[in-house]
Amino acid sequence: MKPRWKGKGSEAKASADPMSKIVSQLHSSLIRSVARGLLLSRNVLIEADAELFYLFNRARFGRSRITSQEEKQWFQLDMEEAFYLCFSLECLKGIGKDGSIKVSYKAYSHLRYKNWVVRSGLQYGADFIAYRHLPALTHSEYAVLALSKGDNELNGRLRVWSDVHCTVRLCGSVAKTLLVLFVDSNSQGTSSPSCLEHYTVEEETITRWNPEQSREDQTSLRNQTNLGTI
Amino acid sequence: MMPRWKGKGSQAKANADPMSKIVSQLQSSLIQSETRGLLSSCSVLVEVDAELADLLNRSCFGRPRITAQEDKQWFQLDMEEAFYLCFSLKCLKVIGEDGYIKSNEELWDYLKSKKPVFPVSYKVYSHLRHKNWVVRSGLQYGVDFVAYHHHPALVHSEYAVLVLSEGDNDLNGRLRVWSDVHCTVRLCGSVAKTLLTVIVNSNNQGANSPSCLEHYTVEEQTITRWNPERSREDQIGPKNGTKKV
């Protein structure tokens, strides 16, 4: 799906400064600074110097938090963001039991690894939203739901038709396409984070099918389910 | 919550012609004509004359279906609508695919087999209809039902209704996770409806027969956004949290 850039020059700016490079710079800076994070229940807080602060913002990881400390800046990372940055290895050891975090993290890292900017999608009723580049330069394209392929009990969404209609309608009203990532654990054990490597992810978009726009004699628009890699 | 009437004169029309009266006329007319519905998968089809067609339209039961027959009208009733006419209003009998009239118990079993959540869904439908709300399918709004104060031509629908079952069980397909709550509240807001969850407690009565329904209890809850700026101590805030309908 072609990205929708905001205004002239955005595409050029993004090409000159690919997300992969920005994230890589952030990663190096974290390693160099030997930064430590404080683990809260679903977040990690990290104290950031000026350089880290700048890089966190550019790569769109975390949210800055205002504190009474004037000289230091604090950033709050979601679990998926923290794991992705290989930041809190202590946290990684703790994810063994919670299946839903694994599904969520696998979906997050699957997109981040492909250099998509991935943020919380809660206000859009989804797990994540995915941008091709910085939100300032592009409109977000996908509202993402992370679902477990095998274990249905884990899935809280799209269990019934009313939820499918609700989600597709809301996505449409905010100009995003619903992207469902089905994470298959492939019967890997649940004990260690390295199991995640063997999980597979299947991408599926769900959109409305419009009969008038999908006649045989016209090039049809994207149909109901569309298996495609992004 | 005050109904939002469409245009001038709608409120007066509605007051002159209350829904309770229209439904009562429908009930009498169906009894008098000994109308029989035909069971077809998850719907009931009824063949009606002009008078009944008008009453069905005015009371908002079923949807008219176009057929090749010019002299007769056919209406398609959803499960809950059909069962309400049969069981609660006792004005319709339904013929099964075998050609025989189904008793209420037989119809109940059949509908339950098609839709496991039917007992709970029906409880909510009948609970709202009994209070003279017009209740229609809410699927296009991503919910189970939409509820109107009167005919949709006269008033905007106020509530988007989700049916929930007490206790954390498999019957509940919605609002299990926060993203769904946000999704639903946001969508409801964008179509100017309030999200109403109706939570049914079966009180361990099971669902073997429709007589179990009497012992089910129902709790109504609206879910709306809470806006801190508009809810300061020194101001009157908007409605939020729980509220009786």
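This is a predicted model: local features need pLDDT of at least 70, side-chain atom pairs count only at pLDDT 80 or more; totals for chains, interfaces and linings use all residues.
Entry 1: I started with the domain assignment of chain B, which gives domain 1 as 13-115 and domain 2 as 116-225. I then looked up the contact between them: domain 1 of chain B puts in 31 residues and domain 2 of chain B puts in 25 residues. Their C-alpha centres lie 21 Å apart.

**Entry 2: the area between them.** The size of an interface is often given as the accessible area lost when the parts come together.

Entry 3: How many salt bridges cross the interface of domain 1 and domain 2 of chain B? I found one. I also noted a salt bridge joining the side chains of E81(B) and R136(B), at 3.0 Å from N to O.

**Entry 4: the domain 1 side.** Next I asked what makes up the side of domain 1 of chain B that touches domain 2 of chain B. Helices that each supply at least two residues to this side include α2 (19-33), α4 (79-88) and α5 (104-114) of chain B. By class, this side has 13 nonpolar, six polar and twelve charged residues.

**Entry 5: a serine in chain A.** I finished with S100(A), which sits in helix α6 (residues 99-113) of chain A. S100(A) and A146(A) are 46 residues apart in sequence, and their C-alpha atoms are 9.1 Å apart in space.

Methods
Residues are numbered from 1 along each chain as its sequence is written. Chains are lettered from A and ligands numbered from 1 in the order in which they are written. Side-chain values use heavy atoms; hydrogens and water are left out. Domain bounds come from an automatic or database domain assignment. Contact means heavy atoms within 4.5 Å. A salt bridge is a side-chain nitrogen of Lys or Arg within 4 Å of a carboxyl oxygen of Asp or Glu. Helices (H or I, at least four residues) and strands (E, at least two) are DSSP runs, numbered from the N terminus. Ala, Val, Leu, Ile, Met, Phe, Trp, Tyr, Cys and Pro count as nonpolar, Asp, Glu, Lys and Arg as charged, and the others, Gly among them, as polar.
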